[in-house]
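Welcome to this short tour. Keep your viewer open, and select each stop as we come to it.

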Amino acid sequence: MWLRPDPGHGIAEVRLRAFRMLDEPDVPDAPEAGTGSAATVQRVVLTQHLFPLADALRERTRAGLRQLRGGVAHGCATALGASRADPDLLARRWAAFLDGAPGGLAALGDVVAVTRPDGTRRLVYLRRTCCLFYTSAEAVRCASCCLTSRDDRIAAYEGRT
């Protein structure tokens, strides 16, 4: 995964180098349907990387664990949504990733497919935790801000605002 920070606040761009789960057959209950890969991604990305980072941030800041884990969930979902694959497939992959994921990520937000003004569909993440916008000098709310109504966030992602 490659992230480019936004000079103002947040993340400007997310790219996936390769994501094997997207290429696997979509056959329910088959070993090759992504469950093994989901466990591997959970272990490598969450347990070995992002959760220790969130724990270190918690020790050094006033941010709560739920907020930090919400950021982890948002980052993972945003990386998945950056793919040009079918949003319905991506939503199933997100559900597979969350299934059995540590840290209570499933309760921290959800994904929804939106249609952009040009007619393309994409998967976006809607937070249930704060991104800590009030701590940035710009005090700019993120696009998935839980302080904004769900309908307004979807409308913004669809370019209807």
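Start by selecting Y125. Setting aside neighbours within four places in sequence, Y125 is in contact (heavy atoms within 4.5 Å) with A73, H74, A77, W94, L108, G109, D110, V111, S144 and Y157. Residues are numbered from 1 along each chain as its sequence is written, and side-chain values use heavy atoms, leaving out hydrogens and water.

Together with Y125, they touch the most other members of the largest nonpolar core, which has 23 residues. Such a core is a set of buried (under 20% relative accessible area, 1.4 Å probe, protein chains only) Ala, Val, Leu, Ile, Met, Phe, Trp, Tyr and Cys residues joined through side-chain atoms within 4.5 Å. Helix α3 (65–81) gives the most to this core, six residues. A second, separate core of six residues includes V114, L126, I154 and Y157.

Now pick helix α4, residues 87–98. Helices here are DSSP runs of H or I, at least four residues, numbered from the N terminus. Among the buried residues of α4 are L90, W94 and F97.

Then select Q42 in helix α2 (residues 35–60). Is Q42 buried or exposed? Q42 is buried, with a relative accessible area of 9%. Its contacts beyond four places in sequence include A96, F97 and L98.

Finish at residues 21–35, where pLDDT stays under 50. Where pLDDT is low, the predicted coordinates should not be read in detail.

Conventions: Predicted model: local features only at pLDDT ≥ 70, side-chain atom pairs only at ≥ 80, totals over all residues. Helix = DSSP H or I, 4+ residues; strand = E, 2+ residues; numbered from the N terminus. Expected span 1.5 Å × (residues − 1). Buried < 20%, exposed > 50% of the residue type's maximum accessible area, 1.4 Å probe, protein only. pLDDT = per-residue confidence, 0-100.
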